[in-house]
Amino acid sequence: MRVRLLFRLVSMALGLTGVARAMAVPPADSVRRDERPTRPKLVVETDQRFTFFNDSRTLQNRLEPINMWGARVGLLMPSNWKFGIGAYYSNQNIRRTDLLDDLDARTRRHMYFLTAYAEPFWTRRKLWEFSTPIELGYGRSRYDLITDENEVWVKSVRRGWFVPLGVGASASVKFPPIGRFKPTRWFGLNFLVGYRFILGGDFPQGRSNYNGAYASVGPIFFLDRFTDDWKHWRKRRKSR
């Protein structure tokens with residue numbers, strides 16, 4: 001009886017020791033392969049894309065990449081879903097006059113739109129992650145036209161609206177820490193491809209078509225990793 005009791009006490013002590021050691025491991029070290037968050041985390045991202053509108057082509061009838069600038073803010077949930085909003089804009093000179101109603105027009109197109117997005121992560125590992133962002137929004141367009149009327153250049157403005165739906169695939173490579181130097185793990189490289197459909201709208205200019213593919217490759221900053229390391233550093237500093 002005493003031997004059994006002693007054995008149980010030793011087992012409990014060893015178990016508590018293992019739990020204590022596990023708790024002593026800093027969570028910011030990302031020792032787990034799966035980086036599923038334990039609580040909602042704020043995410044702030046820049047989002048620059050090359051967009052290929054179907055109505056934006058060169059004189060050789062090839063799709064022309066248009067810079068689309070934007071930013072997103074959202075929450076990364078414990079379910080490994082990210083929800084948030086985004087804002088985007090682009091400015092573009094339209095070169096193909098056969099896409100315009102006014103054949104002698106010089107046109108500059110401005111586009112602005114807001115989106116709400118949901119992004120399920122199919123995997124979030126220590127060094128890489130993969131997700132499929134889906135976004136739905138509302139936007140406005142403005143066309144600044146300069147037309148030749150009786151040898152006098154006249155400027156006019158036309159406005160419209162549109163409802164974009166975007167579906168994409170995103171993969172990120174996460175940089176590891178260098179020894180005890182953690183800041184390198186706050187950064188990575190992101191790859192994004194997708195297609196934007198226009199569900200409806202009022203297009204004020206000729207044969208305008210905002211449907212098209214988009215893609216981007218660029219650096220990414222992992223705010224959740226930065227905040228984890230910051231909280232861990234402050235906690236260690238206070239405990240000294």
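Predicted model: local features only at pLDDT ≥ 70, side-chain atom pairs only at ≥ 80, totals over all residues.
Two strands count as paired if DSSP finds at least two bridges between them.

First, the pairing. Strand 1, residues 41-46, pairs with strand 3 in the antiparallel sense, over six bridges. One example is L42, whose bridge partner in strand 3 is L75. Strand 2, residues 49-53, also runs antiparallel to strand 3, and three bridges join them. There, R49 has M68 as its bridge partner in strand 3. Strand 4 is joined to strand 3 by eight bridges, again antiparallel. Within that pair, L76 stands opposite K82 of strand 4.

Next, the turn. The hairpin of strand 3 and strand 4 has four residues between the strands, and N80 takes a positive phi near 65°. M77 also sits in the loop between strand 3 (66-76) and strand 4 (81-94). Beyond residues up to four places away in sequence, M77 touches P37, P40 and F83. M77 and T38 are 39 residues apart in sequence, yet their C-alpha atoms are 8.0 Å apart.

Last, the core. The largest nonpolar core has twelve residues, among them I66, M68, Y88 and I94. Two or more residues each come from strand 3, strand 4, strand 5 (106-124) and strand 7 (134-149). In soluble globular proteins, nonpolar side chains tend to be buried together. As for I66, leaving aside neighbours within four places in sequence, its contacts include R49, F53, S90 and Q92.

Terms used
Residues numbered from 1 in each chain as written. Heavy atoms only, no water. Contact = heavy atoms within 4.5 Å. Core = buried A, V, L, I, M, F, W, Y, C linked by side-chain atoms within 4.5 Å. Buried < 20%, exposed > 50% of the residue type's maximum accessible area, 1.4 Å probe, protein only.
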